[in-house]
Amino acid sequence: MARILVVDDEEKMRHLLSIMLGRQGYHVEEAGDGQQALEMIKATPFDMVITDIKMPRMDGVTLLKKIMTMDIPPPVVFITAYATVDSAVDAMRQGAVDYINKPFEEERILLTVEKTLGLSRIMAENRSLKKEILQAGSDEIVYASKEMARVMDNATMVAEADAAVMIGGESGTGKELLARYIHNTSPRCKERFVLLNCAAINPNLVESELFGHEKGSFTGAVQKNLGKFEYAHKGTLFLDEIGELSLEAQARLLRALQEKKIQRVGGNEEIAVDIRFVCATNQSLEEKVKKGTFREDLFFRINVFPLVLPPLRERKDDAILLARHFLRRLEGDVPKTEFSSGALRLLKEYTWPGNVRELSNAIERAVILSRGTNKITAETLSFLDANRSQPAAKIGFRLPPEGISLEELEMDMVKQALETCQNNQTAAAKFLGLTRAKFRVLMNQMKKDE
């Protein structure tokens, strides 16, 4: 259902247009001047705006100029009793899509609205296409490992269904990317993908963000506002960090998912919504259910088809593939910078506690550090914590009964450090708390003894 904003300082004119358009099934809202209209447009997306030109506080031309600076401006149609050829031409130059004189015939209005909404749909499709093209390079899921192949096979299967999906995995594993993949390969791919990070908003505003609110429903609610459920209608709603929701918000979310209806905060009207629900968490919701901090009935409702993204340390074959992907993204299809064999070995063996996100940041930093040499080496990547490059390995030993010389003990420690750090001398020196120069002396001594 298209949303149309009618802007006119004459109340009778606003009501007349609302009745005309309402009979055709459009959702119509009214504003008494340009200033009020601008506030409403910032708070709620509209498919088109019909506005008078001469109004108090802010006229229609100024409103149009403000609208045209927005990221996603709705198309604007002027309607006025003060029409001239010059004013019509000027309006079109400013960005208006049409210009109607008062008095007008209902048929003229309806034809203009139909044409403008068609344009609005084309603009929306173009924006969506541009967004997909831009995201193709940055949001591509890159993998070669069997672990990720299994996840992607399951994601492809569930994308065709309309079941709720819960994506688990550590922070930085790419849960949002997987959610977008499910949406983009689903029958809902032409509709909106709407994201809400439950951990990033004020807990007191979660319900307003999810379900919207009516004007005056709480302090600061100066306009009616659509929530994510309404905005995602026919598309996909993705709630990240769902484990951060309060029990009260969980109860309302459960009802919305079960009934497929919502009520705005401060409102009584039940609004039907049709969404594909996907959520993600890096917590154990089962443990939260046991502790009573997450509703069991909601858990079963959202856990219809669970997917778990493996951490990067469990799919080390993907680390080098991803590193090269991030390098191409930074430098183009033909990167100027290369990885040394030592760098590739370190990339593969590092445990990546921050997962793919940490790897992406590390490559960006390494590219900056390698400028002038165009080569990323193990030395370039020495900012990575070598102590985490292997699971807590301990160099343990017992002094033999027959005794051992300090020199032999040093050589044994050097060998074990090199083993632990996959023969990376920089990492091994750091592991033993030695300078590179001191470690080189020990290495030379070891080679002489051999």
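Predicted model: local features only at pLDDT ≥ 70, side-chain atom pairs only at ≥ 80, totals over all residues.
Contact here means heavy atoms within 4.5 Å.

**Ile 302 and the nonpolar cores**

Leaving aside its neighbours within four places in sequence, Ile 302 is in contact with Ala 164, Val 165, Met 166, Ile 242, Leu 257, Phe 277, Cys 279, Leu 285 and Phe 294. Ile 302 also belongs to the largest nonpolar core, a set of 31 residues, where Phe 229, Leu 239, Ile 242, Leu 253, Phe 277 and Ile 302 touch the most other members. Elements that give two or more residues to this core include strand E8 (236-240), strand E11 (276-281) and helix H12 (296-302). Helix H10 provides the largest share, five residues. There is also a second, separate core of 24 residues, which includes Ile 320, Ala 323, Ala 343 and Leu 381.

The model holds an open sheet of five strands with parallel pairing, in the order E2-E1-E3-E4-E5. Strand E2 (27-31) and strand E5 (98-101) stand at its edges with a single partner strand each, so one side of each has no neighbour in the sheet. From one strand to the next, the twist averages 20 degrees. Strands E3 (48-51) and E4 (76-80) pair over three bridges, and Ile 50 stands opposite Val 77 in E4. Helix H1 (residues 11-22) packs on this sheet, touching E1, E2 and E3. Helix H2 (residues 34-43) packs on the sheet too, and touches E1, E2 and E3.

Another open sheet of five strands, again with parallel pairing, runs in the order E7-E8-E11-E6-E12. Its edges are E7 and strand E12 (305-308), each with a single partner strand, so one side of each is left without a neighbour in the sheet. Neighbouring strands here are turned by 20 degrees against each other on average, direction ignored. E8 and E11 pair in the parallel sense over four bridges, with Phe 277 in E11 as the bridge partner of Leu 237. Helix H7 (residues 175-184) lies across E6, E7, E8, E11 and E12.

| H1 | E2 | about 170 degrees |

Which residues of helix H3 (residues 60-68) are buried? They are Gly 60, Leu 63, Leu 64 and Ile 67. These residues cover an arc of only 100 degrees around the axis, which puts them on the same side of H3. At the start of H3, a side-chain oxygen of Asp 59 reaches to within 3.3 Å of the backbone nitrogen of Val 61.

In helix H14 (residues 341-349), the buried residues are Gly 342, Ala 343, Leu 344, Leu 346, Leu 347 and Glu 349. They pack against helix H13 (317-331), strand E13 (338-339), helix H15 (355-369) and strand E14 (375-376).

**Thr 380, a buried loop residue**

Thr 380 sits in the loop between E14 and helix H16 (406-420). Is Thr 380 buried or exposed? Its relative accessibility is 14%, and because buried means under 20%, Thr 380 counts as buried. Leaving aside neighbours within four places in sequence, Thr 380 is in contact with Ala 366, Leu 369, Ser 370 and Lys 375. The side chain of Thr 380 also reaches the backbone nitrogen of Thr 377 at 3.0 Å. Thr 380 and Ile 368 are twelve residues apart in sequence, and their C-alpha atoms are 9.7 Å apart in space.

Definitions and conventions:
Residues numbered from 1 in each chain as written. Heavy atoms only, no water. Buried < 20%, exposed > 50% of the residue type's maximum accessible area, 1.4 Å probe, protein only. Pairing = 2+ DSSP bridges. Axes fitted to C-alpha atoms, helices over the stretch in contact; angles between N-to-C directions. Polar contact = N/O pair within 3.5 Å; in protein donor to acceptor, adjacent residues only side chain to side chain. Core = buried A, V, L, I, M, F, W, Y, C linked by side-chain atoms within 4.5 Å. Arc of directions from axis to C-beta.
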